[in-house]
Amino acid sequence: MCREYLTQLRERIEEFNEQNVKIYVIAPSNAQFISQFLDAFGPFPFPIVGDPERAAYYEMGHHTSPKWKLLSKAALGLIFGKLKNFIPKDEHQKEVVLKSMKTADVYIQGGTYLYSENGDLFWQHTDSSPEDHAKIDTVLEKLT
């Protein structure tokens, strides 16, 4: 789960509520880890549900990036100061992040999907890398 993106969604939830939009987050994690994440970083005004087998992720065309590629990006980001709060200072949050890096599929890329009230997909953005999340302003534009 990209905690920065979830934090941005939390901060801008009213803009989605004004448009009568419900947000659901699907994480490639089990309920126990999601609970730990929520304890450290929550609460969030939307449900976060797990897909520990990654069935939905793979069905929707997501992929796991090569570990070397993402570790290289992370190293360069740290060197050049582009990764802020990569490892949180708060000890409890830090513990959850480090556990996630060791035990979860942090290399799988996610996406953003907009569905109509009828359940029809009308817009999607599939992340190509960890920093390639759909911009919240773009998502809000697609809703109008």
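Student: Before I read anything into it, how confident is the chain?

Tutor: Start with pLDDT, the predictor's confidence in each residue, from 0 to 100. Where pLDDT is low, the predicted coordinates should not be read in detail. Here the chain averages 82, and 78% of the residues score at least 70. Confidence is highest in α2, at a mean of 97, and lowest in α5 (residues 67-79), at 58. Helices (H or I, at least four residues) and strands (E, at least two) are DSSP runs, numbered from the N terminus.

Tutor: Two housekeeping points. Since this is a predicted model, local features need pLDDT of at least 70 and side-chain atom pairs count only at pLDDT 80 or more, while totals for chains, interfaces and linings use all residues. Residues are numbered from 1 along each chain as its sequence is written, and side-chain values use heavy atoms, with hydrogens and water left out.

Student: Which residues of α3 are buried?

Tutor: Buried means under 20% relative accessible area, exposed over 50%, and partly exposed in between (1.4 Å probe, protein chains only). In α3 (residues 31-41), the buried ones are Phe-33, Ile-34, Phe-37, Ala-40 and Phe-41. Looking down the axis, they fall within an arc of 130°, so they line one face of the helix; the arc is that of the directions from the helix axis to the C-beta atoms. Ala-31, Gln-32 and Asp-39 are exposed on the face turned away from that buried side.

Student: And what does the largest nonpolar core look like?

Tutor: In soluble globular proteins, nonpolar side chains tend to be buried together. A nonpolar core is a set of buried Ala, Val, Leu, Ile, Met, Phe, Trp, Tyr and Cys residues joined through side-chain atoms within 4.5 Å. The largest one has 25 residues, and Leu-6, Leu-9, Phe-16, Phe-46 and Ile-48 touch the most other members. α3 gives the most to this core, with 5 residues.

Student: Which residues does Phe-16 contact?

Tutor: Contact means heavy atoms within 4.5 Å. Leaving aside neighbours within four places in sequence, Phe-16 is in contact with Leu-9, Val-21, Ile-23, Ile-136, Val-139, Leu-140 and Leu-143.

Student: How do β3 and β4 pair?

Tutor: Two strands pair if DSSP finds at least two bridges between them. Strands β3 (residues 111-115) and β4 (residues 121-126) run antiparallel and are joined by 5 bridges. Thr-112 has His-125 as its bridge partner in β4. Their hairpin has 5 residues between the strands, and Gly-119 takes a positive phi near 90° there.
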